Amino acid sequence: MENKRKHLEFIQNIISRMAGNLFFLRGWTITLIGALLALFSKGNNANYIIGFLIVLTFIFWILDGYFLSQERLFRDLYNYVRKLKEEEIDFSMETSDYKKYKKNTLIFSMFSSTLLFFYLPLIGIALFILYFIK
């Protein structure tokens with residue numbers, strides 16, 4: 001049972017790291033948007049700053065979706081390994097078998113409810129500000 005426990009710990013560490021990356025990216029997103037809005041308030045090239053803010057938000061959204069899709073792949077691997085018998089444990093970290101599931105794709109992860117509720121309002125606010133400064 002020791003091999004199985006150790007393999008599950010390895011996978012759980014990766015899942016935890018991916019979840020930490022999600023949290024870290026959202027913190028950077030808020031920080032950079034705050035800095036850009038501070039630049040915007042000074043009135044220097046507001047159109048460029050808001051445009052850059054929208055592009056930056058999309059980039060962070062894609063990265064967040066990527067880390068969420070990776071986390072989901074390793075969750076599926078975890079569920080597979082936990083059902084294995086002790087003698088079948090090979091410490092494989094291969095997740096390619098789980099890429100065929102729709103929920104594990106980058107696009108599906110980007111449009112998950114948790115990411116939509118975070119990034120769509122940010123993009124909406126940026127578009128709203130951009131509309132009113134023109």
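This note goes through the fold, the core and the surface of the structure above.

1. The structure is a predicted model, in which local features need pLDDT of at least 70 and side-chain atom pairs count only at pLDDT 80 or more, while totals for chains, interfaces and linings use all residues. Residues are numbered from 1 along each chain as its sequence is written, and side-chain values use heavy atoms, with hydrogens and water left out.

2. The protein chain has four helices and zero strands, helices being DSSP runs of H or I with at least four residues and strands runs of E with at least two. Its radius of gyration (over C-alpha atoms) is 20 Å, well over the 14 Å given for 134 residues by the globule rule, so the chain is more spread out than a compact globule; that rule is 2.2 Å times the number of residues to the power 0.38. The C-alpha trace spans about 65 × 25 × 20 Å along its principal axes.

3. The largest nonpolar core holds 33 residues, and those with the most contacts inside it include I11, W61 and Y119. Such a core is a set of buried Ala, Val, Leu, Ile, Met, Phe, Trp, Tyr and Cys residues joined through side-chain atoms within 4.5 Å, where buried means under 20% relative accessible area with a 1.4 Å probe, protein chains only. Two or more residues each come from α1 (2–41), α2 (46–82) and α4 (113–133), with α2 giving the largest share, 13 residues.

4. Y119 touches R26, T29, T57, F60, W61 and D64, leaving aside residues up to four places away in sequence; contact here means heavy atoms within 4.5 Å.

5. Buried residues make up 37% of the 134 residues in the protein chain.

Conventions
Buried < 20%, exposed > 50% of the residue type's maximum accessible area, 1.4 Å probe, protein only.
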